[in-house]
Amino acid sequence: MSHITRRRALGVAAGAAGAAAGLALAGSAVADAPRAAAPAAGPAPAPFDEVYQGRRIQGGPAHGGGHHGGHHGGGYSVTIDGEELHVMQNADGTWISVINHYEPVATPKSLARAAVRELQGAPLVPLTLG
Amino acid sequence: MTVRKNQASLTADEKRRFVNALLELKRSGRYDTFVTTHNAFIMSDTDNGDRVGHRSPSFLPWHRRFLIEFEQALQSVDPTVNLPYWDWTADRTSRSSLWARDFLGGTGRARDGQVLDGAFARSGNRWTINVRVDSRDYLRRDLGAGGRQLPTRAEVDSVLAMETYDTAPWNSSSDGFRNHLEGWRGVNLHNRVHVWVGGQMGTGVSPNDPVFWLHHAFIDKLWADWQARHPKSSYLPAAGTANVVDLGDTMRPWNDVTPADMLDHTRHYTFDTAA
């Protein structure tokens, strides 16, 4: 069983997707500036750092450096026990994650808490392929 | 010719063949490639960037092409197998035969959501969740958790009544049929069903649960039903739209198929009803 990063998985699976998507993802990994994908509405959500149901959840501006590849939180990053939760902001300002993809919530903190409840103690892992 | 049937009308033999074909695709590794592709699009489709599989007009033709490819994979194992559809307006409880031991198995246990019965239970060792975002390698469900309800027929009809296929800005904030069917706005049809099933179905790796295919086969049928009700309404946008798949643009990851190619499902299959 191989473990690869989400960004690499994207590159492999959507490889046929073409260079444009790959470049966009690479760009997101190195740029701190808000991406074009960031919705225009509203101020950036407040950072948070708390322990929720025994899990440490943190959120705040994403840092460059490559290990946060593939996020679409408009420059906002969320982690659970230090592992990145892939998050995305919708056009109406609500948020979803790869764990709660089909049920938007109002803030990244609500999103992190929803993921903790759904995980029932299980750790997040980089996308794992059999 | 492929005829897609309502899952509630499948014979015991048809259910057995469908389940066995799924297990064979899983065993060979082909099944997991579909899960990987789906999650890649889930994570890369954005409201203000490039979007193909979700939150965009091509949600419907993209999934139609995705399902055709999957159905062909099933048929390469057993040529008699077709994709059934789940009409969740009719079979709307966890007591439906859909969730019986001889078909998809039932809801998960409270402690960890693990599905314990049927062919896809972890104990059978034939349905390991390999493409995953957390450490759990077993199929999970939480059918109807929190008292959630599946969409009703009246809600479906209210969405089918919408005349316009899709509208600018062609994303999760759009008005129109596509976005109300996808569920980012209004009564919420497609998204709500993912959440109702719970477990992997609520995540980006939702095709890990075989019910994904039966759910999307019904979403696909609703698109065909809408076309029949609105013969003068066309796929939109027509051309020249940034970040969005226009009628004649090719769709990733195939790059050889356009929404226009996908408008007539009868070239590929029919349904067991008159739509």
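Biologist: Which residue follows H6(B)?

Modeller: Helices (H or I, at least four residues) and strands (E, at least two) are DSSP runs, numbered from the N terminus. H6(B) spans residues 190–197. The residue that follows has a positive phi, near 70°, and is B:Gly198.

Biologist: Before we go on, what pLDDT do local features need?

Modeller: Residues are numbered from 1 along each chain as its sequence is written, while chains are lettered from A and ligands numbered from 1 in the order in which they are written. This is a predicted model in which side-chain values use heavy atoms, leaving out hydrogens and water, totals for chains, interfaces and linings use all residues, side-chain atom pairs count only at pLDDT 80 or more, and local features need a pLDDT of at least 70.

Biologist: Good to know. How many of the residues of H6(B) are buried?

Modeller: A residue is buried under 20% relative accessible area, exposed over 50% and partly exposed in between (1.4 Å probe, protein chains only). Among the buried residues of H6(B) are B:Asn191, B:Arg192 and B:Trp196. H6(B) is mostly covered, and of its eight residues the buried ones number eight.

Biologist: Which helices do those buried residues pack against?

Modeller: Contact here means heavy atoms within 4.5 Å. The buried residues of H6(B) have partners in chain B: helix H3 (59–77), helix H4 (153–160), helix H5 (177–182) and helix H7 (211–229).

Biologist: Which members of the largest nonpolar core touch the most other members?

Modeller: A nonpolar core is a set of buried Ala, Val, Leu, Ile, Met, Phe, Trp, Tyr and Cys residues joined through side-chain atoms within 4.5 Å. The largest one has 93 residues, and those touching the most other members are B:Trp86 and B:Trp88.

Biologist: And which element gives that core its largest share?

Modeller: That element supplies eleven residues, the largest share of the core, and is H7(B). As for B:Trp86, its contacts beyond four places in sequence include B:Val193, B:Trp196 and B:Val197, and also B:Val211, B:Leu214 and B:Phe218. So that you have the name last, the element is the DSSP run H7(B).

Biologist: Is B:Leu150 buried or exposed?

Modeller: B:Leu150 sits in the loop between strand S2 (132–134) and H4 of chain B. Not counting residues up to four places away in sequence, B:Leu150 touches B:Trp86, B:Trp88 and B:Trp196, among others. Because its relative accessibility is 1%, B:Leu150 counts as buried.

Biologist: How far apart in space are B:Leu150 and B:Arg92?

Modeller: In sequence the pair is separated by 58 residues. B:Arg92 is one of the residues that B:Leu150 touches. C-alpha to C-alpha, B:Leu150 and B:Arg92 are apart by 6.2 Å.

Biologist: Let's turn to chain A. In which order do the strands of its open sheet run?

Modeller: Two strands pair if DSSP finds at least two bridges between them. The edge strands, each pairing on one side only, are S2 (48–52) and S5 (83–85) of chain A. The pairing is antiparallel, with four strands in the order S2-S3-S4-S5.

Biologist: At what angle to S2(A) does H3 of chain A run?

Modeller: Axes are lines fitted to C-alpha atoms, for helices over the stretch in contact, and angles run from 0 to 180 degrees between N-to-C directions. H3(A), residues 108–119, lies across S2, S3, S4 and S5 of chain A. Its angle to S2(A) is about 25°.

Biologist: Last one: with which side chain does that of A:Arg55 make a polar contact?

Modeller: A:Arg55 is in S3(A), residues 55–61, and counts as buried because its relative accessibility is 8%. A polar contact is a pair of N or O atoms within 3.5 Å; within protein, one must be able to donate a hydrogen and the other to accept it, and residues adjacent in sequence count only if both atoms are side-chain atoms. At 2.6 Å, the partner is the side chain of A:Asp81.
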